[in-house]
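Subject: Structure handover

Hello,

I am passing a structure on to you. Please open it first, then read the notes below it.

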Amino acid sequence: MSELVKKLEALQVEAEAMLTKAQSSAETEAWFRDYLGRKGALTNALQGIGSLSAEERPLIGKVANQVKVALTTALEARQQEIANAEMEAALSAEGVDVTLPGRPQNVGKIHPSNAALRQINNIFMQMGFQVYDAPEVETDEYNFGLLNMPDGHPARDMWDTFYTTTPGVLLRTHTSPGQIHAMREYCPQPIRVILPGKCFRYEDVTARSEMMFHQVEGLVVGKNITFSDLKGTVVAFANQMFGEGRKLRFRKSYFPFTEPSVEVDVDCVLCEGKGCRVCKYTGWLEIMGAGMVNPTVLHNGGYDPAVYSGYAFGMGVERSAMLKLGVDDIRYFFSNDIRFLERV
Ligand code: DAH
């Protein structure tokens with residue numbers, strides 16, 4: 001009997017030694033076949049058990065079972081070690097270093113045109129202006145005629161126009177036609193609105209002009225509205241948009257829909273008026289056209305010019321953004337170059 005026990009113990013020692021040599025799952029499977037399988041060494045060793053006496057048999061059975069449990073436990077541990085090692089090897093072969101910092105995700109942000117548009121809107125909204133939405137596709141009548149530019153008026157040449165195949169229908173060249181929509185909707189109530197939106201011009205695309213850009217129009221109509229109301233509003237706007245204490249200059253100008261008309265300049269935000277590339281060494285940047293609403297336009301909107309007066313202004317959104325950011329080419333805004341969009 002003790003011989004069989006010794007044999008089993010020796011078998012366990014040998015099997016454990018062999019197990020440490022197994023280096024792969026294939027080798028642990030082979031080891032299982034050799035020692036614990038149906039035709040393996042343990043089964044073999046127990047072949048003579050039938051000829052043992054009834055007292056010996058349970059003892060041998062117990063020892064054999066202990067060996068089997070010990071070897072099975074050792075096998076599981078070895079398999080786990082090998083699985084870990086194989087995983088490590090696979091990971092380092094793939095070059096994944098989980099301690100490296102992750103790849104940054106590109107986070108979207110507001111487009112510079114929209115950022116400027118929102119800023120302009122906010123400034124006027126704080127002053128009590130309402131936002132009025134007007135169509136981008138307009139009629140000849142609204143874009144020109146009702147703004148005091150009847151057919152054949154030479155001032156129509158100030159705006160190169162995209163016409164559609166439908167006669168009399170065009171893409172608005174400026175936000176000014178929205179003035180007529182607002183007046184016709186609100187007449188005879190007083191009006192204080194801004195009209196932000198897209199404009200289109202049939203122009204060569206250059207550093208200074210795009211086919212599509214944004215404007216914000218302003219319109220105030222009421223009784224006793226004067227040029228000083230316009231001036232106060234523009235000064236308040238410029239201080240918020242371009243920084244407190246800006247110098248402003250009102251230059252006489254011409255627009256068919258305002259009389260008198262002005263263009264408003266702000267002292268160059270980049271060189272503080274000393275003269276630089278952006279202000280073309282004049283020290284001044286033009287920010288908007290403005291004026292007192294022409295009596296003909298008030299009349300076209302339904303208001304009696306003898307009773308009502310008003311002022312209006314219109315500014316280019318990208319233009320303002322360019323001045324603020326020191327960008328010297330409007331084409332950057334719509335060319336979708338991520339380097340520009342990230343920088344501004
Ligand atoms: N609509 C003009 C343009 O696109 C800008 C403008 C000038 C708007 C004077 C106005 C204004 O309301 O009073 O060039």
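Where does the ligand sit? The ligand sits in the largest pocket. Keep in mind that this is a predicted model.

**Around the ligand**

The shell around the ligand has 16 residues. Those that come nearest are His 174, Ser 176, Arg 201, Gln 215 and Glu 217. By class, six residues of the shell are nonpolar, eight are polar and two are charged.

Which elements give two or more residues to this shell? They are strand S5 (212–222), strand S8 (284–293) and strand S9 (309–316).

Start with Ser 176. An N or O atom in the Ser 176 side chain is 2.9 Å from a nitrogen atom of the ligand. Then look at Gln 179. Here an N or O atom of the side chain is 3.2 Å from an oxygen atom of the ligand. With Ala 312, the backbone takes part: one of its polar backbone atoms is 3.3 Å from an oxygen atom of the ligand.

How much of the ligand's accessible area does the protein cover? On its own, the ligand has 350 Å² of accessible area, and the protein covers 92% of that.

**Backbone points to check**

Most residues other than glycine have a negative phi, and most peptide bonds are trans.

Two are cis peptide bonds. One joins Cys 187 and Pro 188, with omega at about 5 degrees. Pro 188 is in the loop between helix H7 (177–186) and strand S4 (191–200). The other runs from Glu 259 to Pro 260, with omega near -5 degrees. Pro 260 lies in a strand, S7 (residues 258–267).

The other places concern phi. Glu 272 is not a glycine, yet its phi is positive, at about 55 degrees. You will find Glu 272 in the loop between S7 and S8. Asn 336 is not a glycine either, and it has a positive phi of about 55 degrees. Where is Asn 336 found? Look in the loop between helix H10 (317–325) and helix H11 (338–343).

Over to you.

Best wishes

Technical notes. Residues numbered from 1 in each chain as written. Predicted model: local features only at pLDDT ≥ 70, side-chain atom pairs only at ≥ 80, totals over all residues. Heavy atoms only, no water. Near = heavy atom within 4 Å. Polar contact = N/O pair within 3.5 Å; in protein donor to acceptor, adjacent residues only side chain to side chain. Areas by Shrake-Rupley, 256 points an atom, 1.4 Å probe, with all protein chains shown as cover. 1 Å grid on protein atoms, 1.4 Å probe; cavity = no way out; pocket = protein on both sides within 12 Å on 5 of 7 lines; lining within 4 Å. Sits in = over half its atoms within 2 Å of the grid points. Helix = DSSP H or I, 4+ residues; strand = E, 2+ residues; numbered from the N terminus. Nonpolar A, V, L, I, M, F, W, Y, C, P; charged D, E, K, R; others polar.
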